[in-house]
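Subject: Handover of a structure and findings

Dear colleague,

Please find below the structure that I am handing over to you. My findings follow it, grouped by topic.

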Amino acid sequence: MNQKNYIMHLIGELSSYILEGEPKRMVISLHQEKDGIHLCILDEKEHSDEEIERLNMEMNSKKRPELSGYYGAMVGKDLLGTARLDLLGWQVKHATVSKTSEGIKIDLWIGGDSFDDRNFTIPKEA
Amino acid sequence: MLNQDKILKIIISTIILYFIILAFAIDQTSFMGFLKLQIMPARLINDFIETAGTGPSLLNSAIVGIIAMAIIWINKVEFSGPTFAPVLTMMGFALFGKTVVNILPIIFGVYIAAKLAKKEFRQYLIIALFGTALGPIVSLIGIELGLSLFTSIFLSIIIGIATGILLPSLAIAMLHLHQGYNLYNIGLTCGFLGLFFSGILEGLGVDLTTTISWNTGNSPILISIIPTISIVFIILGLLIGKKRAITNFLKIQKLSGRLPSDFMNFNSLDGALINSGLIGIIATIYVYAVGGAFNGPVIGAILTVMGFAAFGTNLRNSWPVILGVFIAVNLFGYDLNDPNALLAIIFVTTIAPLAGEFGISIGIIAGFLHFSMVLRTGSWHGFLNLYNNGFAGGLTATLMIALIQWFKDNILNIDFFKFRK
């Protein structure tokens, strides 16, 4: 899968999750960084602390190469049913989910195998 | 304190050891029988307990299980739902179709595919383990076609490797057809590939008709295998989870089971073990109640479903699809202990996630359609694909998903520009 398709699928799955909450506004921002990509998605809908905690857990789950190489292909493509962010969690280098004044902000850092987190804008406390 | 990975390694190793002890307790010559079994026909439905004997079949199952465990261990993949399921599936199908000899070329083929795609083999590990469903193609070419020794060995290995190379691309494509609602996706993949193999073979004049070999001896040892494993799973689950065990088990019942649902990761090891044990007990009671045979295919089928009880199958998502098959079996006039009916009732849980996600009525309809398909699909691939129910289930799930998608997109969401107020 080339980089363009890969990013499109990630955005597809994330958007699917956000849109399930029927927000009035959703903002997607994509930055090319030194060693990969920083994807950020925001909405204006209220989310509970439990949901944010669950999302943080799912998106920072243990890397599962035996699953990502096979079932990971479903990310952003097979969208009938509830969105599944755990599929993303296996594939991204780092993720943070936080509350904003209005809604939620999901940051994803995506890099290749030679990923060097010093070249990313990952917050230090993460 | 033992972690999940170590506990599962101990559990699976104990089952393997149990099979080896049983094999030699039943038959001192099990090893010789095991060697003979390697060169026996393996297409559906070939009950090795009938053709090779109980001891050699259990030994074959144990050694296939050791190979699966070794591959997972060598590739440093953790034991959890997605690895527990293929090991039990492979051991189950080694009672009626998989042999040490017919699985290895396919696994090696998937390894080559990983190298060609510049991926680590462990990224395709699950495909490699489940992909051994096409083992009978290796046995067919190696044994049944009457070729010279060199030609048969050479051709069967080459075809087995080629099969393995083709599997990853097809498996991923098939996944998109049913969107993860058919748990035995490799069954659909192998059935699809099997259509081409059977087409070529029949074009070359090979007769792919087959007869069912089905043991009905119902020895006490065979009847006791699944209940023993099931009770151990339930006790272990209760010991590991303590007060949380039942709550965890109940939480698993709320999951849809859509691929990939690692119940051990989503919930807990203890909840998944209780789920698996209860499914094993209920399946055993059902088979006993309808006067079914406890032979290689039936024990293999229950072991498979118990494996998937950690990877998508639970009691809540299973009963509607089972009821659907039950209705079809009665409507079509089959006996409940007929081999096709018995296996379909157990294996229909491949499409349990449809009921888990979309509800009871969808599950019942899907189960009904599944049985009508599974009666036909075996002959389509020349009985080469051991996961015939996975193939029929994949076709059924694809039909259901297409209809549900169309209905949701065109009937329910006509006014899709309506925004939330």
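Helix H1 of chain B, residues 4-26, contains both B:Asp5 and B:Lys9, which are 4 residues apart, about one turn of the helix. Please note that the model is predicted. The side chains of B:Asp5 and B:Lys9 form a salt bridge, with an N to O distance of 3.0 Å. B:Asp5 has a relative accessibility of 14% and therefore counts as buried, the cut-off being under 20%. B:Lys9, at 23%, is partly exposed. Elsewhere, salt bridges with shared partners link A:Arg64, A:Glu66 and B:Asp262 into one network.

Over all chains, the search of the whole structure returned 9 salt bridges. One of the pairs is A:Asp49 with A:Lys99, whose side chains meet at 3.0 Å, N to O. A:Lys99 itself is partly exposed, its relative accessible area being 47%.

Helix H2 of chain A also holds A:Arg54 and A:Glu58, again 4 residues apart, or about one turn of the helix. Their side chains are joined by a salt bridge of 3.3 Å, N to O. Both partners are partly exposed: A:Arg54 has a relative accessibility of 37%, and A:Glu58 has a relative accessible area of 22%.

The strands of chain A are the next topic. How many of the 8 residues of strand S4 of chain A are buried? The count is 7, so this strand, residues 104-111, is largely enclosed by the rest of the structure. Strand S2 of chain A (residues 36-43) runs antiparallel to S4(A), and 7 bridges join the two. Within chain A, A:Leu42 stands opposite A:Lys105 of S4(A). Strand S3 of chain A (residues 94-99) is likewise antiparallel to S4(A), with 6 bridges between them. A:Val97 has A:Ile106, in S4(A), as its bridge partner. S3(A) and S4(A) make a hairpin, and 4 residues lie between the two strands.

Two further points concern chain B.

Side chains of opposite charge can pair when their charged atoms come close. B:Asp47 is buried but has no salt bridge. Where is the nearest side chain of opposite charge? That side chain belongs to B:Lys98 and is 15 Å away, whereas a salt bridge requires the nitrogen and the carboxyl oxygen to be within 4 Å. B:Asp47 sits in the loop of chain B between helix H2 (30-37) and helix H3 (48-51). A polar atom of the B:Asp47 side chain does lie 3.1 Å from the backbone nitrogen of B:Gly296.

Yours sincerely

How values were computed. Residues numbered from 1 in each chain as written. Chains lettered and ligands numbered in written order. Predicted model: local features only at pLDDT ≥ 70, side-chain atom pairs only at ≥ 80, totals over all residues. Heavy atoms only, no water. Buried < 20%, exposed > 50% of the residue type's maximum accessible area, 1.4 Å probe, protein only. Pairing = 2+ DSSP bridges. Lys, Arg positive; Asp, Glu negative; His and termini not counted. Polar contact = N/O pair within 3.5 Å; in protein donor to acceptor, adjacent residues only side chain to side chain.
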